[in-house]
Amino acid sequence: MHITRERLIVYGGVLFFALLPPVASFFGEHYLISLFTRAMIYALAAVSLDLLLGYGKMISLGHAAFVGIGAYVVGIMFFHAADDSLLFGFIGGSENALVVWPAAVLVSAMGALVIGALSLRTSGMHFIMITLAFAQMLFYFAVGLETYGGDDGLPMWNRNRLAGLDLADKLHFYYVCFFLMSVFIFCCTRLVRSRFGLVLRGASTNTRRIRALGVHDVSYKLVCFVIAGAGAGLAGALLANQSEFVSPGLLHWGLSGELMVMVLLGGLGTLFGPVLGAVLFLLLEEFLAIYTEHWMVYFGPVLIIVVLTTKRGIYGLLVGGGGNRGG
Amino acid sequence: MKTTITILLTVAIMAVGQAAVAEPVKIGMITTLSTKAGYLGEEIRDGFQLAIEQEGGTLGGIPVELLVEDDGRKPEKGIQIAERFRTRDGAKIFTGIVFSNVAMAVVPKLVREDVVYLSANAGPSKLAGDGCSPNYFSVSYQNDNLDEVVGQYVSDAGHKNVYLLAPNYPAGKDHLAGFKRYYDGEIVAEVYTKLGQADYAAEIAAIRAAEPEAVFFFLPGGMGINFLKQYAQAGLNETIPVYGPAFSFDERILGAVGAAALGVKNGSQWTHDLDNPANIQFVEAFRAKYGRTPTLYASQGYDTARLIGSGLAAVGGDLSDLEPFKAALSAADFDSVRGNFAFGANRHPIQDLYIREVVQTEDGTFTNQTLEKVFSNHVDAYAESCPQ
Amino acid sequence: MLFFVEQSLNGLQLGITLFLMSAGLTLVFGIMRVINLAHGSFYMIGAYCGATTMAATGSFLLAIGAALIGAALAGMVVEVLVLRVLYRREHLDQVLATFGLILFCNELTRIIWGRQPLFMDVPPWLGGSIELLPGLIYPIYRLAVIGVGVAVALFLWFLFSRTRLGMQIRAGAENREMIGALGVNIRLLYTLVFGLGAMLAGLAGVMAGPIMAVESGMGEDILILTFVVIVIGGIGSIRGAVVGALLVGVVDTMGRVFLPSLFRIVFSNAYADSVAASLASMAIYLLMAAILIWRPRGLFPAHS
């Protein structure tokens with residue numbers, strides 16, 4: 001394959017993320033490292049949402065639910081590890097990342113399986129609303145979790161342990177997040193190019209034909225929903241570690257909306273676009289807020305203009321019309 | 001991507017440039033300016049800024065720079081801002097958080113570093129008790145204080161039973177617990193409503209059916225406005241008196257509630273009519289600058305700034321070692337607009353608490369008037385569990 | 001028993017407010033197939049215009065007029081500037097653009113009116129309470145809200161089944177090209193329908209003003225409920241909006257009132273109150289999920 005603009009951008013992006021910490025340290029801007037750690041975690045969640053929106057044509061307005069589940073798994077396991085108590089009377093807590101992160105992914109995936117199976121009975125606008133309804137249910141459930149802080153949230157006193165690494169160290173944590181994000185995106189690119197991805201896209205563009213071929217499209221969509229939920233769960237686990245804090249805010253529909261904004265801002269159905277979208281979103285939020293406290297009055301129109309004028313977000317602009325991938 | 005890098009480099013270079021000229025002491029204010037509760041942060045900030053302006057850009061004669069940023073009431077965002085203020089701007093003095101849930105996310109972690117946090121509003125019990133820190137000062141109150149004073153007052157007023165109402169979240173439960181600590185009558189019911197609930201018709205009907213002698217509620221912000229208006233529309237305010245902490249009765253909320261709040265007695269550590277020289281000049285200056293009567297949040301922001309001023313003056317602005325600065329803060333050697341102010345062992349205020357009443361002034365606006373002092377030099381309930 | 005009747009009235013009144021909101025939203029979706037998250041902003045604009053006018057003039061009727069005009073104008077401007085471009089786009093684009101509109105409108109009201117909530121009172125001629133049955137005292141204003149809601153429902157029924165405009169709107173929903181070919185100005189029709197939807201939201205906002213806090217962001221809480229209503233009722237169906245709104249209003253109210261006493265039979269008081277409060281908050285979402293699982297297109301699907 002020859003070098004396309006698209007590949008250039010992807011490699012450039014990888015290089016950028018890989019080199020950011022030393023460059024930022026050189027300029028004494030250690031703060032940028034944690035800002036970009038956060039951006040990568042959001043990017044992970046946004047990429048998982050892109051699987052749903054861009055490839056499965058499933059518009060979920062409740063994706064934050066899985067981020068929240070992942071974060072709460074980490075938070076609750078930490079809580080029980082800290083005071084040596086048992087969850088449900090038999091599960092002990094843990095601070096070990098190799099235990100709790102997979103647990104977070106698994107529980108989110110199971111949550112996605114249940115919610116997805118029920119939600120996929122509907123479609124279109126109804127699908128948007130039923131995913132929102134499930135997320136709201138979980139939100140109020142978390143608010144009512146008195147043992148785990150309810151609306152106040154659940155503080156963690158330190159980050160998880162990961163063999164050989166010190167997650168409390170900014171650099172270590174940065175590269176762990178970078179690694180996980182890259183692996184997830186890589187798996188996603190493989191996935192969407194596989195037979196699975198083709199069926200999925202076929203199912204969303206021409207359901208009747210796919211069904212005539214004897215393919216049960218709903219089960220493909222469900223698998224996609226579960227994978228996306230698992231990715232969001234991983235993002236949640238990382239987010240809990242980053243802020244050392246878990247709160248129902250992570251399940252709020254506002255976060256679902258923000259993730260959706262990141263996907264569309266960056267480029268729907270591109271997998272790399274949402275990373276750009278997440279970075280841009282956080283940078284705008286961060287730096288517009290420094291210059292004006294009324295930053296939303298500018299940010300709102302920016303969103304509208306991006307939607308109205310671009311077809312595949314910022315990534316689409318950068319790649320140009322030629323580089324086509326995904327939906 | 002290229003543009004992103006350019007932006008980043010520009011930002012980085014600007015920051016480096018700023019650091020080179022850095023002179024004034026930086027104070028990081030993380031507060032809530034957006035969302036429905038945005039006016040709370042605005043009051044704190046305005047009060048704080050007034051103190052700086054009155055001293056011509058200094059506090060205690062030391063030039064200061066106030067960094068203000070909106071946390072949007074999100075704990076995660078508060079954490080992020082605190083980190084930026086600390087590592088990028090090099091701030092060592094922090095203040096401003098409005099809500100307890102944001103405070104609980106930001107403060108315990110922040111005060112493990114070499115910084116000082118002075119709360120201008122939120123005072124969660126954890127930070128007053130076993131989670132207290134030598135780097136944490138509450139200039140405002142411990143959350144329960146304003147409920148305790150009402151509990152005592154309602155007991156003294158002879159109400160034999162009370163109906164309790166609060167949103168279903170930890171702060172709601174804490175506030176009701178504060179009330180019950182000093183109330184010795186019977187509790188008819190303890191009702192927890194949905195956070196952010198707009199319509200209270202169902203709860204009001206239940207209150208009417210239960211026929212309590214009084215109602216105590218903790219519903220901050222818009223929830224309180226909704227409840228009070230609907231309570232008055234149901235005609236219950238004429239038969240069953242309501243009581244609450246000051247959070248539903250600040251001057252800006254009263255403007256939105258109007259006559260529905262008339263005559264309601266509420267508990268506070270400060271009112272704009274307190275008769276001491278510091279307060280008289282503060283209220284006058286605040287009105288002149290902002291054209292409105294300050295709320296208790298503004299008074300807390302102002303007091304926090306003046307306390308910081310006293311500390312900075314004592315150490316001549318030298319914050320390289322924070323111990324002398326903290327010692328100076330603990331002495332609380334400043335003229336508080338509350339008149340009587342000292343820190344207890346857990347660095348929370350020992351102060352007088354009042355009952356005030358909502359009245360209408362001659363020009364038609366609604367405001368609070370101090371009725372009586374219920375507690376003198378009140379110490380919060382958690383002070384004992386703070387390890388020394 | 002009286003208590004139950006009173007709570008039913010409360011549920012009804014909440015349902016009516018939701019109906020005013022959902023009627024506009026379901027119309028816009030049913031006819032233009034556009035998802036408008038910014039519908040709550042028209043509710044807020046209605047309340048702000050109403051509160052400002054009432055503060056200036058003291059007249060509640062003028063306040064209602066200002067709210068209707070303000071919300072309808074805002075709606076038509078938004079339709080022409082933003083939504084018109086989005087009709088042929090995917091739902092996703094519509095969600096995002098209208099999400100941006102929410103941010104913009106909320107911040108703009110903060111800039112114009114400041115951060116504190118505004119004051120709006122019940123007009124004296126609707127103040128006070130009335131004894132409906134012996135022992136059942138109910139605020140007159142809430143009865144007035146119920147009355148307005150019923151009147152709007154009748155008006156909409158009349159508009160759609162008895163007028164030429166209504167027929168054009170219905171025809172436009174069925175077949176956009178056909179109605180255009182017949183010489184009806186589709187663009188103008190859409191702008192008018194959108195304005196009508198926004199106006200109904202503005203009416204809901206100004207009617208809520210005296211009961212609730214008029215503040216920036218007030219639209220979002222009710223927006224989510226409104227979506228629940230139209231999805232339960234079946235998108236695009238006015239009849240569905242009526243049924244869905246009443247169902248949500250009653251379930252929400254009854255859940256809040258009776259769940260705690262139900263749970264107290266089984267659990268200790270403090271635990272029961274806490275669990276019941278959480279469950280009551282979730283009640284309508286449970287209802288919605290259950291209905292959608294049972295009937296994936298809502299109770300009264302408009303287009304089959």
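Predicted model: local features only at pLDDT ≥ 70, side-chain atom pairs only at ≥ 80, totals over all residues.
In chain B, strand β5 (residues 116-119) and strand β6 run parallel and are joined by 3 bridges. Residues are numbered from 1 along each chain as its sequence is written, while chains are lettered from A and ligands numbered from 1 in the order in which they are written.

A word on terms. Helices (H or I, at least four residues) and strands (E, at least two) are DSSP runs numbered from the N terminus, and two strands are said to pair if DSSP finds at least two bridges between them. In general, strands of a sheet pair through backbone hydrogen bonds, either parallel or antiparallel.

Returning to β6(B), its residue S138(B) stands opposite S119(B). Which sheet holds these strands? It is an open sheet of 6 strands in chain B, in the order β2-β3-β1-β4-β5-β6, with mixed pairing. Its edge strands are β2 (58-59) and β6 (136-138) of chain B, each of which pairs on one side only. Helix α2 (residues 38-54) of chain B packs on this sheet and touches β1 (25-31), β2 and β3 (62-70) of chain B. The direction of α2(B) makes about 170 degrees with that of β3(B); axes here are lines fitted to C-alpha atoms, for helices over the stretch in contact, and angles run from 0 to 180 degrees between N-to-C directions.

Is β7(B), residues 161-167, largely enclosed or open? 6 of its 7 residues are buried, so the strand is largely enclosed by the rest of the structure. By buried I mean that 20 or more other C-beta atoms lie within 10 Å of the residue's own; exposed means 12 or fewer, partly exposed lies in between, and C-beta atoms are placed from the backbone. The chain passes from β7(B) through helix α7 (residues 170-182) of chain B to β8(B), a right-handed β-α-β crossover. Right-handed means that, with the strands pointing away from the viewer, the path from the first strand over the helix to the second runs clockwise.

β7(B) pairs in the parallel sense with strand β8 (residues 186-193) of chain B, over 7 bridges. Within that pairing, Y163(B) has A189(B) as its bridge partner. β7(B) also pairs in the parallel sense with strand β9 (residues 214-217) of chain B, over 4 bridges; here V162(B) is partnered by A214(B).

Now chain B as a whole. It has 13 helices and 14 strands. Its radius of gyration is 21 Å, close to the 21 Å that the globule rule gives for 388 residues, so chain B is as compact as a globular protein of that length. The radius is taken over C-alpha atoms, and the rule is 2.2 Å times the number of residues to the power 0.38. Of those 388 residues, 61% count as buried.

For chain A, there are 13 helices and 4 strands. With 327 residues, a compact globule would have a radius of gyration near 20 Å, and chain A agrees at 20 Å. In chain A, 58% of the residues count as buried.

What of the interfaces? Residues are in contact if their C-beta atoms, placed from the backbone, lie within 7 Å. Between chains B and C, 29 residues of chain B are in contact with 36 residues of chain C. α9(B) gives the most to the side of chain B that touches chain C, with 6 residues. That side has 11 nonpolar, 11 polar and 7 charged residues. Ala, Val, Leu, Ile, Met, Phe, Trp, Tyr, Cys and Pro count as nonpolar, Asp, Glu, Lys and Arg as charged, and the others, Gly among them, as polar.

Between chains C and A, 38 residues of chain C are in contact with 34 residues of chain A. On the chain C side, α4(C) gives the most, with 15 residues. The residues of that side divide into 28 nonpolar, 7 polar and 3 charged.

I close with one residue of chain C. L287(C) lies in helix α11 of chain C, and with 19 C-beta neighbours inside 10 Å it counts as partly exposed. L287(C) and H39(C) are 248 residues apart in sequence and 23 Å apart in space, C-alpha to C-alpha.

Conventions
Contact = placed C-beta atoms within 7 Å.
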